[in-house]
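Dear colleague,

Please find below the structure that I would like to hand over to you.

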Amino acid sequence: MSVHTLAVRCRNIVKVYETGGQKVTALDGIDLDIATGELMMLVGPSGCGKTTLISVIAGILDQDEGSCEVFGKDLAAMSDQKKLAFRASHIGFVFQAFNLLPSLTATENVSVPLLINGVKRVEAERRANSILEEVGLGDRTTSLPAQLSGGQQQRVAIARALIHDPGLIVCDEPTSALDHETGHTIMQLLKSTVLQANRALVIVTHDSRIFDFADRTAKMDDGRILKIM
Ligand SMILES: Nc1ncnc2c1ncn2[C@@H]1O[C@H](COP(=O)(O)OP(=O)(O)OP(=O)(O)O)[C@@H](O)[C@H]1O
């Protein structure tokens with residue numbers, strides 16, 4: 001089996017949105033490489049294209065020009081079905097607002113991606129509980145989201161993104177709904193537990209308090225990467 005050290009390779013990505021006859025160039029020629037074992041942060045002012053870029057990288061949105069390869073595979077060249085399957089096995093997404101299902105327990109929320117992939121419930125819940133243990137929630141597996149703090153809910157969302165052991169984790173503003181201390185703890189968890197030698201982590205953030213956790217930071221403005229630090 002070949003080993004890819006490059007998790008993401010973007011070349012000249014252009015994305016233009018058209019609404020009501022108006023064109024907005026959200027991405028204007030993005031080149032970006034992200035290696036496994038690396039925590040890459042995307043920062044920049046509101047509207048500069050961060051969410052659009054991670055949506056392309058996560059295979060949620062197709063670019064208009066350029067190429068985006070994840071672990072050597074060109075996402076835009078895949079059929080929708082192949083892309084869905086590729087995402088389900090290689091990419092985990094952590095949302096700002098956690099996006100947990102309110103009527104399901106922590107174990108059930110984390111099990112969902114496996115159940116969708118046809119894993120039997122007993123096995124899915126066994127694996128979910130083991131990941132919840134890893135993120136420090138071994139004693140809250142039967143809690144509903146409303147019974148958990150913001151930081152605990154974000155841990156459940158992280159566990160759900162990790163359940164299929166993806167090589168790329170994409171986080172959209174993972175700390176913005178959390179107070180400073182909890183945000184810091186979540187970043188420590190992402191860095192120590194989620195980030196591994198064979199896994200890359202991409203984090204979009206406005207939160208300057210967490211900038212120091214990055215291995216590299218891509219500073220964006222107006223659909224471009226101004227510099228990588
Ligand atoms: N679905 C859409 N239709 C039209 N324009 C869009 C759409 N999504 C984003 N845009 C525009 O594209 C540009 C980039 O938006 P994007 O959401 O990627 O920026 P962002 O850096 O993530 O912003 P924020 O930090 O506020 O979330 C903005 O000008 C935005 O208004």
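The notes below begin with the chain as a whole, then turn to the sheet and its helices, and end with one lysine.

Please bear in mind that this is a predicted model.

Overall fold

The chain contains six helices and 10 strands. Its radius of gyration is 17 Å, close to the 17 Å that the globule rule gives for 229 residues, and the chain is therefore as compact as a globular protein of that length. The C-alpha trace extends over about 50 × 40 × 40 Å along its principal axes. Buried residues account for 40% of the 229 in the chain.

An open sheet is built from six strands, arranged in the order β6-β7-β8-β3-β9-β10, and its pairing is mixed. Strands β6 (91-94) and β10 (224-228) are found at the edges; each has a single partner strand, so one side of each is left without a neighbour in the sheet. From one strand to the next, the twist averages 20°.

Within this sheet, β7 (residues 168-172) and β8 (residues 200-204) run in the parallel sense and are paired over five bridges. As part of this arrangement, C171 has I203 in β8 as its bridge partner.

Two helices that pack on the sheet deserve mention. Helix α1 (residues 50-57) touches β3 (39-43), β7, β8 and β9 (216-221), and the direction of α1 makes about 155° with that of β8. Helix α5 (residues 150-162) also packs on the sheet, where it touches β6 and β7. The direction of α5 makes about 165° with that of β6.

Lysine 23

Is K23 buried or exposed? K23, which belongs to strand β2 (residues 22-35), has 9 other C-beta atoms within 10 Å. A residue counts as exposed if that number is 12 or fewer, and K23 is therefore exposed. Its contacts, once neighbours within four places in sequence are left aside, are with V16 and E18. As for its position relative to K120, the two residues are 97 apart along the chain, and their C-alpha atoms are separated by 47 Å.

With kind regards

Definitions and conventions:
Residues numbered from 1 in each chain as written. Predicted model: local features only at pLDDT ≥ 70, side-chain atom pairs only at ≥ 80, totals over all residues. Pairing = 2+ DSSP bridges. Helix = DSSP H or I, 4+ residues; strand = E, 2+ residues; numbered from the N terminus. Axes fitted to C-alpha atoms, helices over the stretch in contact; angles between N-to-C directions. Contact = placed C-beta atoms within 7 Å. Rg over C-alpha atoms; globule rule 2.2 N^0.38 Å. Buried ≥ 20, exposed ≤ 12 C-beta atoms within 10 Å, placed from the backbone.
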